[in-house]
Amino acid sequence: MKSVNAAKLLPDHLLKEIQQYIQGESLYIPACPSKRRKWGESSGAAGYYRTRNAEIRQGYRNGTDMDQLCEQYGLSIDSIRKIVYSKNPQS
């Protein structure tokens with residue numbers, strides 16, 4: 001995370017208000033909760049795993065053996081079981 005000089009970024013009245021609380025130290029300002037992204041949204045990982053898990057569930061429903069799913073997706077039998085038997089199919 002890079003530092004930004006508040007004097008170059010903030011209006012004068014806001015800078016003076018902040019200086020009443022802190023001066024000459026680093027201050028972390030978190031992102032607004034509404035602008036935060038969930039895990040994997042930026043990289044596409046969440047979508048990839050959601051699609052993969054749906055394929056695993058569908059394969060199991062179509063009669064594919066769990067051992068075959070393990071080999072096909074490179075996952076352990078415990079991971080396949082967690083995916084197949086999960087109550088939340090979005091994960």
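User: Which residues does I18 touch, not counting residues up to four places away in sequence?

Analyst: Before the answer, please note that this is a predicted model, in which local features need pLDDT of at least 70 and side-chain atom pairs count only at pLDDT 80 or more, while totals for chains, interfaces and linings use all residues. Residues are numbered from 1 along each chain as its sequence is written, and side-chain values use heavy atoms, with hydrogens and water left out. A contact means heavy atoms within 4.5 Å, and on that basis I18 touches L10 and L27, leaving aside residues up to four places away in sequence. I18 lies in helix α2, residues 12-19, where a helix is a DSSP run of H or I with at least four residues, numbered from the N terminus.

User: How is the packing of two helices described?

Analyst: Two packed helices are described by the angle between their axes and the distance between the axes. The axes are lines fitted to C-alpha atoms, for helices over the stretch in contact, and the angles run from 0 to 180 degrees between N-to-C directions. Angles under 35 degrees count as roughly parallel, over 145 as roughly antiparallel, 65 to 115 as roughly perpendicular, and the rest as oblique. Helix α3 (residues 45-61) and helix α4 (residues 66-73) pack at about 150 degrees with their axes 10 Å apart, which means that α3 is roughly antiparallel to α4. In this contact, R52, E55, I56 and Y60 of α3 meet M66, L69 and Y73 of α4.

User: What classes of residue make up the contact of α3 with α4?

Analyst: Ala, Val, Leu, Ile, Met, Phe, Trp, Tyr, Cys and Pro count as nonpolar, Asp, Glu, Lys and Arg as charged, and the others, Gly among them, as polar. The contact of α3 with α4 divides into 5 nonpolar, no polar and 2 charged residues.

User: At what angle do α3 and α5 pack?

Analyst: The angle between α3 and helix α5 (residues 77-85) is about 85 degrees, with the axes 9 Å apart, and α3 and α5 are therefore roughly perpendicular to each other. The axes of α4 and α5 come within 9 Å and cross at roughly 110 degrees, so that α4 is roughly perpendicular to α5 as well.

User: Which residues make up the largest nonpolar core?

Analyst: A nonpolar core is a set of buried Ala, Val, Leu, Ile, Met, Phe, Trp, Tyr and Cys residues joined through side-chain atoms within 4.5 Å. The largest one here has 7 residues in all, namely I56, M66, L69, C70, I80, I83 and V84, and the elements that give two or more residues to this core are α4 and α5.

Note on methods
Buried < 20%, exposed > 50% of the residue type's maximum accessible area, 1.4 Å probe, protein only.
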